[in-house]
Amino acid sequence: MPFCKQACHYCDFHFSTNLRKKQDMVSALQKELLLRKDELKNEEVQTIYFGGGTPSVLEIGEINEIVKTVAENYSVIENPEITLEANPDDLSLKKIKELSDSPINRLSIGVQSFFDQDLKLMNRAHNAKEAHLCLNESKKYFENISIDLIYGIPGMTHKRWQENITKALSYELPHISSYALTVEPKTALKAFIDKGIIPNVDDEMAEEQFNILCALLEKEGFINYEISNFGKEGYFSKNNTAYWKGKKYLGIGPSAHSYDGTKRGWNINNNSKYIRSIKERVLPIEVEVLSKTDRYNEYVMTGLRTIWGISLYKIQTEFGNSYFEYLMQQSDKYIKEEMLSVDRNKISVTKKGKFLCDGIASDLFMIKLN
C-alpha cells in the first residue's frame, strides 16, 4: 500500500504522501489479484501481508474487501497469518477495535523509538506518547504483535538504546524486529549528513547496540531466528520466514516483488502508471529468470541470516559439487576466525559474525560459474 502521511528521512521505499488515489489503488490491487490468480492455481495461501508504505492508512472496509478478494479467488488455509503493518498514529482505540473484528490477526507496529528526539530526527509521523498509547490498547485486542525498533541513530547513546529495549520488553510482546539505521542514496538523511546537519552513522556504535539488543532479548527468551528478527517460540513471522526459506510468494501492488522458485518479478514503482496499466488488464511487471548461480547466491544470503543456516546437503544436491567446494573454500577463513560454524551438515553465523553477516555472505557468492 504505497501511501504515507509523511516521508521518513531514512526511507527509500516506493510511496506517495498524496492519498488522493487511494481508492483507485485499492481497486487496482483487487484487479491485479484477479489477473494473477492462476499463478497460485495449485498452491495454498498460508499468509497474507499488508506492507507499505503505510497500510494502516486503509479503512477497515478496504482491508476487508482486499482479504475477501483473496479468499474468493485463491485457495487459503483455514487460519492464515494475516499481518498489517501499522504506524502508531493510525492506531486509535476505534481503529484497533475495528481491526480486531477484521480478518487481521497480527500487527506489525512501526514504533522505531520510544524517544521523541529520535522520532523527530527520523521525521516519523508519531510521537513517543502515541507509541505507548497504541501498544497499551493493541495488547487488549491482539495477542500476536510485533514492533520495529531502530538502532545506530546518530546521537542515541547506549543508555537510551537500552531504555528503548526495556520499554519494549515491558509490553511482553512476542516479536521484535530491529534494524540498524542505514543511509540510503537520495534520502533526506543522506542530504542532511552530507551538509553536516546530522552526524554520520557510526558503524562501530551500531554493532555495539546490536550486541546489546541480542543479549537483552536472549535473556528474555527471544530467539534471534533471523538477523533482524527476534521471536518467542511459536511467534516467528510465518510470512517473512517463507521469504528466507525460499518459498514462493506473490507480490501485489506498485513496486511489489514476486518469486516462484525460478523467476523473480517486480511491479512498476509508479502509482499512476500501475493503476492505468491494471485498468487496461496489462500486468506492469518485469520478470527475471534466475540462473543456478543467482539461486545459489540468494540461498546463501538468506540462509546465512537465519538460524536454519546453509544446508550443505541442499548445496550438494541442488547446485552440485563445484558449488559445494567453492562454498567450503570461501567459508574456511571465517570458520577459522569463528565468525562461521559448521555443525550438523549446515553452515551458520556465530554471535561474533552476526553483525557482519551480509558482508560474509557476499564473500561466499559465486561470481563466475553459471
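What is the order of the strands in the open sheet of three strands? The order is 11-13-12, with antiparallel pairing. The edge strands are strand 11 (310-311) and strand 12, and each pairs on one side only. Pairing here requires at least two bridges found by DSSP between two strands. Strands (E, at least two residues) and helices (H or I, at least four) are DSSP runs, numbered from the N terminus.

The structure is a predicted model, in which local features need pLDDT of at least 70, side-chain atom pairs count only at pLDDT 80 or more, and totals for chains, interfaces and linings use all residues. Residues are numbered from 1 along each chain as its sequence is written, and side-chain values use heavy atoms, with hydrogens and water left out.

The protein contains 14 helices and 13 strands. Its radius of gyration is 21 Å, which agrees with the value near 21 Å for a compact globule of 370 residues. This radius is taken over C-alpha atoms, and the globule rule is 2.2 Å times the number of residues to the power 0.38. The C-alpha trace spans about 55 × 50 × 45 Å along its principal axes. Of the 370 residues, 48% count as buried. Buried means under 20% relative accessible area, exposed over 50%, and partly exposed in between (1.4 Å probe, protein chains only).

The accessible surface comes to about 18,300 Å². Carbon and sulfur atoms account for 48% of that surface. Areas come from the Shrake-Rupley method with a 1.4 Å probe; for residues, only the protein chains shown count as cover. Contacts (heavy atoms within 4.5 Å) were also counted. Among those between residues at least 6 apart in sequence, 67% join residues at least 24 apart. The protein has 48 positive and 51 negative charges, and their mean positions are 3 Å apart. Lys and Arg count as positive and Asp and Glu as negative, while His and the chain ends are not counted. Each charge is placed at NZ of Lys, CZ of Arg, CG of Asp or CD of Glu.

Asp343 has Lys346 of strand 13 as its bridge partner. Arg344 has a positive phi, near 50 degrees, and is not a glycine. Arg344 is exposed, with a relative accessible area of 77%.

Tyr259 is the bridge partner of Arg264 in strand 9. Strands 8 and 9 form a hairpin with three residues between them. In the turn, Gly261 has a positive phi of about 105 degrees.

Ser255 lies in the loop between helix 9 (238-244) and strand 8. Its phi is positive, about 75 degrees, although Ser255 is not a glycine. Ser255 is partly exposed, with a relative accessible area of 28%. Most residues other than glycine have a negative phi, and most peptide bonds are trans. The bond from Gly52 to Gly53 is cis, with omega near 10 degrees. Gly53 lies in the loop between strand 1 (44-50) and helix 2 (60-73).
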